[in-house]
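User: I have a structure open and would like to go through it with you. Could we begin with a single residue?

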Amino acid sequence: MSGADSSEREFTMTLDADGILHLVWTRGVAINASLARQAMTAVDELCGESPHLILVDLSSIGSADRPARAVFAEPSAPGRMAMFGASQVDRLIASFMLGLRKPPHPVKFFTDQAAAIAWLKMDLGRG
């Protein structure tokens, strides 16, 4: 799948050869419930009924408000989600997302993209 048109969305999504869906937000975006819903709807549309592995890059976002974090905690297509980011802000946003409500699928935060991908691949028996 090619990335989404950034003029229409505040994120891009690509599916790699291992079947991992990469979600990258536009630099500095303030994620609200509407944007969160757009992203999760796009993930669900791409994945259909089958659970997918998703890698979310938090390193470029500016913020995610409480209603957005609630959307991310709703049931959706990902079978397993890894989030990664390097800053304390990224870690804080991830902890808010994970602490708001128990996600319906395994979710873990990483400071290293390679470690996040390795954790996702464990689900594929390739990690």
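User: Is H22 buried or exposed?

Analyst: H22 is buried, with a relative accessible area of 15%. Buried means under 20% relative accessible area, exposed means over 50%, and partly exposed lies in between, with a 1.4 Å probe and protein chains only. Please note that this is a predicted model, in which local features need pLDDT of at least 70, side-chain atom pairs count only at pLDDT 80 or more, and totals for chains, interfaces and linings use all residues. Residues are numbered from 1 along each chain as its sequence is written, and side-chain values use heavy atoms, with hydrogens and water left out.

User: Where is H22 found?

Analyst: H22 is found in strand β2, residues 20–25. Helices (H or I, at least four residues) and strands (E, at least two) are DSSP runs, numbered from the N terminus.

User: Which residues is H22 in contact with?

Analyst: Setting aside neighbours within four places in sequence, H22 is in contact (heavy atoms within 4.5 Å) with T12, M13, T14, D16, L55, Q113 and I117. The side chains of H22 and D16 are joined by a polar contact of 2.9 Å. A polar contact is a pair of N or O atoms within 3.5 Å; within protein, one must be able to donate a hydrogen and the other to accept it, and residues adjacent in sequence count only if both atoms are side-chain atoms.

User: Changing topic, how many helices and strands are there?

Analyst: The protein has four helices and seven strands. From the N terminus on, they run β-β-β-α-β-β-α-β-α-β-α.

User: What about the largest nonpolar core?

Analyst: This core has 25 residues, and those with the most contacts inside it are F11, M13, L23, W25, I31, I54 and V56. A nonpolar core is a set of buried Ala, Val, Leu, Ile, Met, Phe, Trp, Tyr and Cys residues joined through side-chain atoms within 4.5 Å. Helix α1 gives the largest share, seven residues. A second, separate core of nine residues includes I20, L55, W119 and L120.
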